[in-house]
Amino acid sequence: MKVLYIKASPKPKNESISHRIAEVFIEEYIKNNPEDIVTELDLYDEGCQYVDYKILCDSFEKKGVMVETAKNFIEYDKFIISSPMWNLSIPAILKSYIDLIAVKGITFKYSKLGMPIGLMKGKKAFYLGSRGGAYPFPLSLIALDIKYVKFIFKFIGIKNFKSFILENVDKLPEKTKQNFEKNLEKVRKASKKF
Ligand SMILES: Cc1cc2nc3c(=O)[nH]c(=O)nc-3n(C[C@H](O)[C@H](O)[C@H](O)COP(=O)(O)O)c2cc1C
């Protein structure tokens, strides 16, 4: 299996909470799936272009960065995404990457009646997020980070989408530290099932 790990925090690895939990998830995954190949895509290190007019026109002609990125994306069987919550959503760079991979004819298509059909059937994704605060119901309604990513993955056909989100990392840092190992155990457990 080919696994793509998408890292969306600009922080260095040792400082990023979302990356640290993802690292533990991946470590456990590799332990249980030694044959699989995990490729890391650090969006800030690699850079990610915003879709502009030229990129858009190229995509209509089935060429350019959108087509290349989407074709590369469909090569993978499983996806691991790590991301902080930013302003109730995801960092713009992750949104930009999603804009590059959601390409008609590659990751989705429309039926004759205009209904979207995801083309990435049978694939899996796991989202590891961190948030400065907490979003219990009804605040969960405005926590758009995971909602958005989950919906887009579903749109392109990846219905098997699981997640782990660490909350209160800035609001209650001491509690976060105290419970960190316990949470890493939960992450390892989730990784075993991925
Ligand atoms: C620009 C920015 C916006 C943020 N917006 C939110 C927010 O809307 N809600 C929240 O709970 N935390 C917010 N945070 C806090 C981060 O979600 C939190 O620090 C997270 O753990 C960072 O993950 P990282 O260490 O992997 O980068 C924000 C942080 C930054 C830098």
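The legends below describe close-up views of a predicted model.

Residues are numbered from 1 along each chain as its sequence is written. In this predicted model, local features need pLDDT of at least 70, side-chain atom pairs count only at pLDDT 80 or more, and totals for chains, interfaces and linings use all residues, while side-chain values use heavy atoms, with hydrogens and water left out.

**View 1. Residues around the ligand.** The ligand is surrounded by 18 residues, a residue being near a molecule if one of its heavy atoms lies within 4 Å of it. The closest are S9, S16, S18, M85 and Y135. By class, this shell holds 7 nonpolar, 7 polar and 4 charged residues. Here Ala, Val, Leu, Ile, Met, Phe, Trp, Tyr, Cys and Pro count as nonpolar, Asp, Glu, Lys and Arg as charged, and the others, Gly among them, as polar.

View 2. A polar side-chain atom of K11 is placed 2.8 Å from a ligand oxygen atom. The backbone also takes part: a polar backbone atom of I17 lies 2.9 Å from an oxygen atom of the ligand, and a backbone N or O atom of G132 is 3.0 Å from a ligand nitrogen atom. The ligand taken alone exposes 650 Å², of which the protein buries 77%. Accessible areas come from the Shrake-Rupley method with a 1.4 Å probe; for residues, only the protein chains shown count as cover.

View 3. Helices (H or I, at least four residues) and strands (E, at least two) are DSSP runs, numbered from the N terminus. Of the 6 residues in β1 (residues 2-7), 5 are buried, where buried means under 20% relative accessible area, exposed over 50% and partly exposed in between (1.4 Å probe, protein chains only). Two strands pair if DSSP finds at least two bridges between them. β1 pairs in the parallel sense with β2 (residues 37-42) over 6 bridges, and K7 stands opposite D42 in β2. Together with helix α1 (residues 17-32), β1 and β2 make a right-handed β-α-β unit; right-handed means that, with the strands pointing away from the viewer, the path from the first strand over the helix to the second runs clockwise.

View 4. β3 (residues 78-84) runs parallel to β1, joined by 5 bridges. In β3, K78 is the bridge partner of V3 and F79 that of L4. β3 also pairs with β6 in the parallel sense, over 7 bridges, with P84 opposite S130 in β6. In a regular strand the side chains alternate between the two faces of the sheet. K78, I80, S82 and P84 point one way from β3, F79, I81 and S83 point the other way, and all are buried.

**View 5. Backbone features in loops.** The peptide bond from F137 to P138 is cis, with omega near 10°; P138 belongs to the loop between β6 (124-130) and α6 (144-155). K62, a residue other than glycine, has a positive phi near 60°. K62 sits in the loop between α3 (53-60) and α4 (65-73) and is exposed, with a relative accessible area of 61%. L88, in the loop between β3 and α5 (92-101), has a positive phi near 70°. L88 is partly exposed, at a relative accessible area of 30%.

Notes: A polar contact is a pair of N or O atoms within 3.5 Å; within protein, one must be able to donate a hydrogen and the other to accept it, and residues adjacent in sequence count only if both atoms are side-chain atoms.
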